[in-house]
Amino acid sequence: MEPGRRRVFVEPPERFSFPRQEEATQRYWDEIDAFKESLRRSEGRKPWTFYDGPPFATGLPHYGHILAGTIKDIVCRYAHQTGHHVVRRAGWDCHGLPVEYEIDQKLGIKSRDDVLAMGIGAYNDECRAIVMRYSSQWVSTVTRMGRWIDFDNDYKTMNISFMESVWWVFKQIYDKGLVYQGFKVMPYSTACTTPLSNFEASQNYKDVSDPAIVVGFPLEGDADGAMLCAWTTTPWTLPSNLALCVHPDWAYAKVRDATSGTVLIVLKARLSQLYPPHKVKKAKAPLYTLLSELTGAELKGRAYTPAFDYFAAHAQRGCFRVLADKFVKDDSGTGIVHMAPAFGEEDNRICREAGLVHKDGDGIVCPIDANGRFTCEVAEYAGMHIKEADVPIIEALKARGRLIDRDQIMHSYPFCWRSETPLIYRTIPSWFVNVESVKERLLANNEQTYWVPEFVQSKRFHNWLRDARDWAISRNRFWGTPLPIWSSADGEEIVVVGSIAELQALSGRTDITDLHRQYIDEVTIPSKRPGCAPLRRVEEVFDCWFESGAMPYAQVHYPFENKAAFEAAFPADFIAEGLDQTRGWFYTLMVLSTCLFDKPPFKNLIVNGLVLAEDGHKMSKRLKNYPDPLDVINAHGADALRLYLINSPVVCAETLKFKEAGVMRITRDVFLPLYNSFRFFMQSANRLHADVGEEGRFAPDLQLALTSPNAMDRWIIAAAHSLIAFVRAEMEAYRLFTTVPRILAFVEQLTNWYIKLNRPRLQRKGDDTSVDDCRRALCALFEVLLLVSKLLAPLTPFLAEFMYRQLASALPEAEREASVHFCMLPEVLESARDAQIESAVAAIQPVIELGRQIRKRRKQPLKVPLPELIVLHRDGAHLESIKSLERYVFAELNVRALTVRRFVDAPDIVLLKAQPNHLLLGKRFGSTYGAWQAKVRALSHEQLCDFLESKALHIDGEPFGAEELIVQCDFAGSSEVFEAASSDNKDVLVVLNCVPDQEMLEEGTTRNVSNRVQKLRKEAGLEVQDAIEVFYKVLPPIEAQQRLLETGVLPAADAGANGDDARDAATDEDARALEAVIVKMSGMVTKLIGKPFLPAAARLPDAVVLASALREVDGVTIEIVIARELPAVCAGAFSDAPTAALVQQLLAAFEPVVLREQLAAGGGKVHVRLDGAALELEHGTHFTIHVLG
């Protein structure tokens, strides 16, 4: 038999790079075409529909995209794992302002005329050229994040098939009477020269400083020459003023200013706007005189002189008069509002109701162009941008004596989400979807959907739908899907086209191969009216949000293709995006699906919050206040970033301040412990095989694990199946925020409890662990690690894949999949669940943790045994659970005895106190609750003992039940011998006797010795199964000093048995005492290290030294030598020395495990050949091995 080590598993390295392993896993996925293969395998299963909201590829992906993509990937992987066919198709938003704005910046385009001069076709070609500029980076980042989505079969909103379906959607809505053209005041971007929808305007508010002025408007015919005082923060709108508005029911004051003598009219409740209280208080004389009061109704209809006379002719239409409306507020301003119906929604409504302007735009004064510059109608400011005109206008008012007050105000104001410039509100013709007419259906359809978190649906989204206004869907731009509306010049004849075929039939053109403006703007449709000019297409294009809202239909070219398949799979099972999409994509999806089919577009939705920079501000490339995502991925891995993001408040629609240190903690606190546990399993399986040969070869055996008599095996398997049940229930409810923490908690239970408590069994250390018991433990650990890999697969796809492929190598080929992502989610095995054992382990865990705290406080090393641990609790059954698992308490806390006592049975060491249950008693006693709190807290120990027994008591005649009082415990024993600790809610008290006897101190010393050996093994890079022998020599102080001078290396000074550094206290007597302890306890050291522990004199001269070092134990220097384990020829076994030497060399060529196997097979004998002759060697007669194992 050839000498050599046998392994079941290829052990992963101790030092492991998660990012590099992820890259290797990605290469493996590419090799097997894993994503497409998973789709092929799931063909025929129940379809599960997912819509991916299309991002713009004109910018790079950021953490918000990565977060939403991770959530989508997790849920889609889970759906696949639970037996569904999940098509995941990527999409790209190609049209709209983001693209046009980039081109405008690139080409220096300042106005609409610049585009027309360039040519719409050339302009759109420029737009098309950059649409997919960063698509390769998107694909690379998304793929590197482990997200599986189909980029090969993606959809683009600029594709002709997509655009044709958008036309169909619009025609359906138009034919239902839900589209109209109107003049409305809308948010408008002067930088992008286009109106925006209300939800776009609500996306980007900023705090800005604007002028806040009070302007005087002389009241015509007033005997005192009074001026009406109007307050405004938009001086640029004053040239367009057509009316003033007051509240009809409120009192207005007519005052004379003490300084100027000017008579002013202002809302009486808002005199503070002109005369602030602090000025009134400081003034030596009154700042004004009240002349009279009059109501708003009395002012209504009075004429006044406008601030500017550019549109004085409008007086003939009834303008420049006081109107009355209850929209006027008294919380700011002067109570008199200046009306410019071209630039304010309420202004427009009130002036329309007064007949000053009309819905078709007649009478509206709007002296600005598409770029927000004044036209020649306002000669003084012609060509000036409106915001630039604020100061000159204010100066002009001052010069004319109309400026009553001037100030600055800091307020929240909407900005264009693309150009980052202030929006204005202006009246503009637009095409609208009549959302208000379907509002009740929108609310009803919203009720049919399921959102996580729920409050976004029931509060934020519900309120947005409740207050929804008609949606402006047209944009005065160029790069977009053109509105399919052909109209006569007078607007009397309109044709809406719903398909390319329809347009070809109506126009007679057969060469329509693209639907962008340059291809169809010149396509005409003959008029049905004799002698009339042909119909031409209106200039506008669709708002890109209309295209996004139409993606469920347009991505599959519905209804022109895939009609049956779409209708069978609509609504979608799932979508997910950020909170900002509440007024964006979620809204447009809901509006269009309601208008088309009167049903919601999706069934389930996860809303994530926003990811901010670590300083709490918005992430900014300019400020560089966040790390580049790819740098984070390359440093820590995609799995760590995924887990950091989804195990945070951001999955509950809250904000997350991104911290790279948080990603690092995931690796340190989750991945490394799990990896080490996984590696430990493989080492243990290999060790068993190395120690006992084929009998110890690991093979998974679920039944062996399930029938294990060991409590910890039963517990971890039961906990694993409880976890599966929990994950299934919570993921079905789309609650990632509960699922992820529970999985991580289980990983912590596995790594810090199961493996730690079972390490000796798994390594088969000690006489009480049989091969069978070790195999059971390994089978249990294997099953749990395999389950964990499958549960982690949606969350951390790379790590799960790595673990699964390593573990699956032990599975029978028929049960082995090429990827964990081809596996189904494990089913709950009800027979494996055991609530009792789970409860018992949950009971001992806080006991062990509190015991550790006490040792730490007392500076008592765990290596030193302590006499007794006392556990106190109110419930006897709870204590019995702890007692049933006392062996683990002994092992973890190194105590000799465990005593459990009920509170009522331990008056010598426990003092009971009571706290009221605030929730129950606060509701019960109301305003008198304070007095009852004091009475509850005053209950005596004896009263509470009775309460624990009877579950009830009376205070001043009032009965209190078991749920209404919270009984807590404090320690009342001796602090010299005992140290106590209680749980956070003080329902369990742990008391530790902290005074060890001499025997215990000796055991502590023994454990220190074994600790030094184990550290040296690790430093030497030796593995658990390596065949070694360990030799020691206790050095007297003089010899230790000489060795120190020779080597120049100071022995490491670890804490002694009592926890102190004893380096300077060592004497010859100490050295002799230590040697006596080692001799006495050498068997224990051997057991602890699992290898022979022998005096230095026992080392053979030709033994191969693998490592040696000087170490200190209790201040005494000890030399430790680790040598390769060798069989030794027995003295006198052979008649001559040369033969003995040859046999020694022959035996040394064998690996110990192989030699042991041959001895076991040969009944303690091994057969070899020496110089061609057969030779039988008997263990004990001819040779020995120090440990047969």
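Cys351 is buried, at 0% relative accessibility (buried means under 20% relative accessible area, exposed over 50%, partly exposed in between, with a 1.4 Å probe and protein chains only). The model is predicted, so local features need pLDDT of at least 70, side-chain atom pairs count only at pLDDT 80 or more, and totals for chains, interfaces and linings use all residues. Residues are numbered from 1 along each chain as its sequence is written, and side-chain values use heavy atoms, with hydrogens and water left out.

The structure holds zero disulfides (a disulfide is a pair of cysteine sulfur atoms within 2.5 Å). For Cys351, the nearest cysteine sulfur belongs to Cys319, 7.1 Å away. For Cys969, the nearest is that of Cys945, at 11 Å. Cys969 is also buried, with 1% relative accessibility.

Aromatic pairs number 59. Rings of Phe, Tyr and Trp (its six-membered ring) pair if their centres lie within 6.5 Å; planes under 30 degrees apart count as stacked, over 60 as edge-to-face and the rest as tilted. Tyr553 and Phe566 form an edge-to-face pair, because their ring centres are 5.6 Å apart and their planes stand at 70°. Tyr553 lies in helix α19 (residues 551-554) and Phe566 in helix α20 (residues 563-569), so the pair ties together parts 13 residues apart in sequence. Helices here are DSSP runs (H or I, at least four residues), numbered from the N terminus. Tyr553 is buried at 0%, and Phe566 is buried at 7%.

Charges also meet rings. The charged end of Lys206 sits over the ring of Phe415, 5.1 Å from its centre (NZ of Lys or CZ of Arg within 6 Å of the ring centre and within 35 degrees of the ring normal). Arg759 lies over the face of Phe680, 4.4 Å from the ring centre.

Methods:
Helices (H or I, at least four residues) and strands (E, at least two) are DSSP runs, numbered from the N terminus.
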